[in-house]
Amino acid sequence: MDRNKMSYRVSQFLIFAGPATLLFVGTVIVPLIYGFYLTFTSWDGVSKNKPIVGLDNYVAAFADKIYWQSMGRTIFYSVFSVIFINILAFALAYLVTMEVTVRQKDKNGKKTVMNRGIWGQNFFRAGFFVPNLIGGIVLGYVWQFVFKRALVSLGNAITQGNVPSLLATSGGAMFCLILVSVWQYAGYMMLIYVAGFMSVPEDLKEAALIDGCTPAQAMKNVTIPLMRSSFVQCLFLSITRCFVIYDVNLSLTDGDPFGSSVLAAMHVYNQAFTYKNYGLGQAEALILFVVCAIIGITQVYIGKKGEVAA
Amino acid sequence: MKNMKKVFALGLTVAMTASMLAGCGGSTSTESAGTGSSAATESAAAASGDGASITIYNSKMEIQTQLEDAAKAYKDATGVSVEVFMQNDTVASDLATAYASGSPYTINMVDAKDIYSMAEEHALDLSGEKWIGDTTEAISIGDKVYGFPVCVEARGLIYNADAIKNITGEDFDPTQYKTLDSFKELIDKLKAGGMETPTGVMMEDWSLGAHYLAMVYEEREDTDAFLASLNDGSASIADDAKFTSLMDTFDVLKENNYASADPISADREVTEQKLAQGEIAFMFGGNWDWSVLSAYEPTENMGMMPVPQNTDDGTNEKLVGGGSKYFFIDSSDNTSADQQQAAKDFLNWLVYDEAGQAVLVNDCALVPAFSNITLDVSDPLGASVKSYADSGSLVANYNYLPDDHYSVLGGQAFQKYLAGQSDRAGFATEIDDYWKAATLSAH
């Protein structure tokens with residue numbers, strides 16, 4: 001059998017990648033192309049007719065003030081969420097991989113020195129990851145209860161007055177969204193950072209310490225550069241997730257108050273299904289996709305460029 | 001041999017891709033209806049033995065279990081199996097999914113506005129049906145009848161008569177409080193008697209926008225003409241007497257709101273709990289609110305009254321409402337003639353069979369839209385609505401507001417007014433601006 005023959009390579013490809021490729025084409029590529037086609041129609045979502053309107057939807061999308069306001073809000077939300085998610089995730093990952101030096105006597109009375117993780121590390125790892133396992137909708141309702149009822153009751157009891165709910169002010173609603181997202185995603189990103197910490201060879205760190213680095217310098221000059229790929233991954237994941245967030249937005253704030261917490265994905269959904277401008281909604285979704293893709297790819301490109309290997 | 005394999009693999013790939021394309025492609029082609037595993041075709045196949053089999057899309061979540069029970073009873077009585085599907089997204093997106101996959105529901109429960117936007121393409125003409133003679137709420141477009149009214153619903157002020165009586169010591173008679181002046185006196189009396197905040201205002205955008213603000217348009221002779229004048233800028237809502245009188249009343253509700261310190265946190269659940277338990281005495285709402293109120297062990301002496309206003313146009317003696325939620329029967333090729341007939345029979349069963357009537361009135365606690373149904377409505381809010389409906393004291397719903405009206409004006413503008421972040425002039429400007437930019441629906 002000639003392994004270089006085209007037919008052999010094609011059949012090998014079909015056997016191993018065929019099913020996955022088919023699924024990917026069927027569930028992602030085809031809908032994407034079909035959706036792209038729909039942006040040129042004034043379809044309402046249910047009608048049998050899909051009248052072609054050319055670029056009208058894109059013109060309308062660029063003129064849709066509320067859409068761009070929601071886009072601005074999404075960028076604001078994403079910037080703060082991404083920063084806090086990654087700071088917290090990195091800190092947590094550091095804490096759950098941290099090793100402390102323990103001096104103890106073994107049963108023969110001999111003194112030994114050993115490094116080991118702090119007590120309960122695995123429990124904490126699991127605990128921080130759990131929020132990520134709860135679906136966004138449930139999580140939103142749980143936190144809504146916390147912000148609307150629990151914190152308000154607590155505040156009223158302490159101050160003996162009327163404490164307004166955080167969700168009732170426009171700034172407060174955005175703050176709650178960011179807080180809940182950080183809580184939700186930090187555990188997931190933590191796992192990636194943990195893997196990053198573990199992949200840095202011990203001997204390099206030891207060498208740095210022996211050469212006179214302080215632990216902080218070793219972290220800055222050895223560990224973090226070697227973990228660059230973890231940062232690239234975490235940033236990419238958190239940016240793309242934040243940009244298209246919908247579930248938490250829906251269940252936690254539903255855009256209230258005064259429509260001040262409507263993020264881009266929610267506006268797109270409303271445009272397509274509530275206001276029945278399916279074509280326009282699809283066009284706005286496509287713009288959101290392009291913005292998200294550009295930011296994500298740029299970030300990965302810049303991040304990858306400076307990656308170093310141990 | 002090798003070639004055979006290659007051909008086979010390629011053929012398989014092409015076939016699978018093609019079937020996917022067909023599945024995702026236009027819902028109009030009859031081929032795709034065949035390849036998709038459509039509920040309609042499956043149920044048609046299952047139906048071959050034992051009568052037809054139909055599906056119902058239910059967009060009134062609170063009656064889901066009741067409808068499922070009714071479906072069982074209907075199957076036992078007639079042999080026709082009925083499957084009830086509950087709404088799990090907006091009506092438009094659920095139906096879009098059903099139509100795009102080539103498996104529409106046989107009977108679809110939608111809002112009146114959806115009938116106007118969808119019926120001509122998707123709904124069966126029901127002109128020949130008997131029940132049309134027994135209702136005034138059916139929806140027709142041109143000379144064709146498309147919408148079967150599921151129930152009558154109306155908006156107004158919900159009161160807790162027991163809570164009022166506890167303070168005033170007298171039986172509450174809502175007909176004495178038609179004007180805002182008399183209503184204010186009552187509010188003052190309640191406050192003096194120890195109920196510091198006698199009213200509640202729900203912050204939900206649909207309540208403020210689609211239900212309260214909409215009354216400004218509805219309580220007049222010619223709503224279309226009024227909206228047209230707002231649209232072309234020849235009228236301003238700030239100068240409108242109806243806007244003034246309704247907003248004067250709203251101000252009283254707002255000032256005496258139990259949540260006046262933080263009105264945006266006063267959501268439906270909490271507000272209705274307070275009303276049910278008599279902590280507050282009045283709330284703007286509709287008879288659909290009974291499904292929530294009844295969860296909080298309310299006193300029986302509740303009811304609905306017109307929104308008090310200082311006006312002499314008679315609207316302060318009427319509730320606002322009418323037919324609500326409509327059934328239409330799918331007319332596409334995916335629904336067979338047998339299924340369409342079975343669906344028509346089911347609607348007739350609801351109106352003319354005693355068991356069907358009992359489903360509507362007793363089980364689902366709906367106010368029937370049919371004059372031949374004489375069963376008593378059990379819930380007190382429904383009973384109020386029925387008495388107003390029977391005496392012709394309902395101001396009709398206006399069903400042609402733009403789809404974004406409730407979220408833009410209700411959610412953004414009205415909520416700001418409620419929270420004290422804009423004054424009435426500012427609110428009026430936002431309404432004017434909205435209507436100037438809006439596209440009025442042709443009808």
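Contact, for today, means heavy atoms within 4.5 Å. With that in hand, 28 residues of chain A and 40 residues of chain B make up the contact.

A word on what you are looking at, everyone. This is a predicted model, where local features need pLDDT of at least 70, side-chain atom pairs count only at pLDDT 80 or more, and totals for chains, interfaces and linings use all residues. Residues are numbered from 1 along each chain as its sequence is written, chains are lettered from A in the order in which they are written, and side-chain values use heavy atoms, with hydrogens and water left out.

So how much area do chain A and chain B bury between them? About 3,200 Å², with 64% of it on carbon and sulfur atoms; buried area is the accessible area (1.4 Å probe) that two parts lose on being put together, summed over both.

Now the charges. Four salt bridges cross the interface of chain A and chain B, each being a side-chain nitrogen of Lys or Arg within 4 Å of a carboxyl oxygen of Asp or Glu. One of them pairs K148(A) with D267(B), whose closest N and O atoms are 3.3 Å apart.

Which helices of chain A supply at least two residues each to the side that touches chain B? They are helix 1 (6-38), helix 5 (136-159) and helix 11 (264-274), helices here being DSSP runs (H or I, at least four residues), numbered from the N terminus. Helix 1 of chain A gives the largest share of that side, seven residues.
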